[in-house]
Amino acid sequence: IRAAHPAVYLVGCDVNAASLNYARQQTIVDEVSHDFSKSARSADVIILAGPVSVICADLRQLATLTLKLNVIVTDVGSTKRTVMAASRELGQRGVTFIGGHPMAGSHKSGVTAGRADLFENAFYFLVPGLAAADAVAQLQTLLAGTRVKWLTVTPRQHDRIVGQLSHVPHVVAAALVNQTHTALADSPLGLRLAAGGFKSMTRIASSDPTMWTAILLANGQLVTHQLQDYIDKLREIQTAISAGDAPAIKQFFTAAKVTRDHLGPEHLGSLPNFFDLFLNVPDRVGAIADVTKRLASAQLSLVNIHILEIREEVDGVLQVTFGNADTRDSAAELLRSAGYEIVRRN
Ligand SMILES: NC(=O)c1ccc[n+]([C@@H]2O[C@H](COP(=O)([O-])OP(=O)(O)OC[C@H]3O[C@@H](n4cnc5c(N)ncnc54)[C@H](O)[C@@H]3O)[C@@H](O)[C@H]2O)c1
Ligand SMILES: O=C(O)C(=O)C[C@]1(C(=O)O)C=C[C@@H](O)C=C1
């Protein structure tokens, strides 16, 4: 929004004070607010972006407030039936609500994981409900800088498709990680021996548990059925393997390969994920140059560098972003041995 519409005044609300500070420092927003109701009353557009359970609670709260006459309320939640149901009272009060869901993102959470180009080329589902066409067009204009591909759907269509393409995969990834953790508990290196197969299959198991609990509660009915179909598929291949049925096994993999090959490149639809390192840097001249110099001499190329917080006489936090996890981990080792404190990596 900032890039496409520099004149728009952005107010950010969040329960997390650190996120608000970061958003303000990075000028992602013009103002931060700890009072959602107060900010909502004076807003022209309200974008709800908490977990889906929070979005539903926010919608019910908005229905109790006196909002601006032509306000547009929208959300980015990963499920749409519960969200549309929670918006009913607001709609009855004549407020425009447009359900939304950008079909892109990452396993990372929080304001530091956001990027202006995060949704580029991705599909963005819209559920207009009772909203007038000009309100939908207004929202699309506001979000034009995301460069998404708009797709209008019904709440049920949305939840069925996204249940299969996103919710089931997250359950599968988490189940595989949990099962592998138990199965290899007696192996000294265990999960750390994992290579590309396990890692690419389970990246999304690092996603935020709070967000995913809310999603699976909201889309539980459909996902339960979809998981049953998935379990049936596992049984099918289990039977073929235990019977030593080579043609059936080959057919199972052939069918998947043909379908998957038609999907195109890995990250078509959104940009690849980046891998971050957060480290403490001392408040002294040349500290950041020292970090970049060390990385350059070890030929560890970084994608981006962000100063999150440097206050006088206090150590600052530097966010260094890499193109893959191995480079990030090598950089962490290098900087740790040079005396830098690694705060976090994700
Ligand atoms: N992560 C993804 O890939 C992705 C993609 C599309 C849509 N979504 C949906 O977007 C929404 C946000 O997901 P995200 O990945 O940006 O999560 P996030 O954790 O990065 O952001 C959510 C923010 O909401 C704040 N929050 C939580 N409870 C709150 C409350 N009660 N009041 C105010 N703020 C509160 C958190 O502090 C956090 O800053 C979710 O509904 C999710 O389902 C996520
Ligand atoms: O790429 C990822 O890490 C995501 O999890 C993004 C993803 C998904 O594809 O499942 C997650 C939740 C959304 O609602 C939309 C997109």
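Two strands count as paired if DSSP finds at least two bridges between them. On that basis, this predicted model contains an open sheet of five strands. The protein chain is divided into three parts: domain 1 (11–153), domain 2 (158–261) and domain 3 (275–345).

- The strands follow the order E3-E4-E5-E6-E7, and their pairing is mixed.
- Strand E3 (45–48) and strand E7 (149–152) form the edges, each pairing on one side only.
- From one strand to the next, the twist averages 25°.
- In general, the strands of a sheet pair through backbone hydrogen bonds, in either a parallel or an antiparallel sense.

**The pairing of E3 with E4**

- E3 pairs with strand E4 (residues 72–75) in the parallel sense, and four bridges join the two.
- Within this region, Val45 stands opposite Ile72 in E4.

**The contact between domain 1 and domain 2**

- A distance of 31 Å separates the C-alpha centres of domain 1 and domain 2.
- Domain 1 brings 14 residues to the contact, and domain 2 brings 15 residues.
- On the side of domain 1 that touches domain 2, the elements giving two or more residues are helix H3 (52–62), helix H4 (81–86) and strand E6 (123–127).
- Strand E6 is also a member of the five-stranded sheet, where its place in the order lies between E5 and E7.
- By class, this side of domain 1 comprises five nonpolar, seven polar and two charged residues.

Definitions and conventions. Residues are numbered from 1 along each chain as its sequence is written. Chains are lettered from A and ligands numbered from 1 in the order in which they are written. This is a predicted model: local features need pLDDT of at least 70, side-chain atom pairs count only at pLDDT 80 or more; totals for chains, interfaces and linings use all residues. Axes are lines fitted to C-alpha atoms, for helices over the stretch in contact, and angles run from 0 to 180 degrees between N-to-C directions. Domain bounds come from an automatic or database domain assignment. Two residues are in contact if their C-beta atoms, placed from the backbone, lie within 7 Å. Ala, Val, Leu, Ile, Met, Phe, Trp, Tyr, Cys and Pro count as nonpolar, Asp, Glu, Lys and Arg as charged, and the others, Gly among them, as polar.
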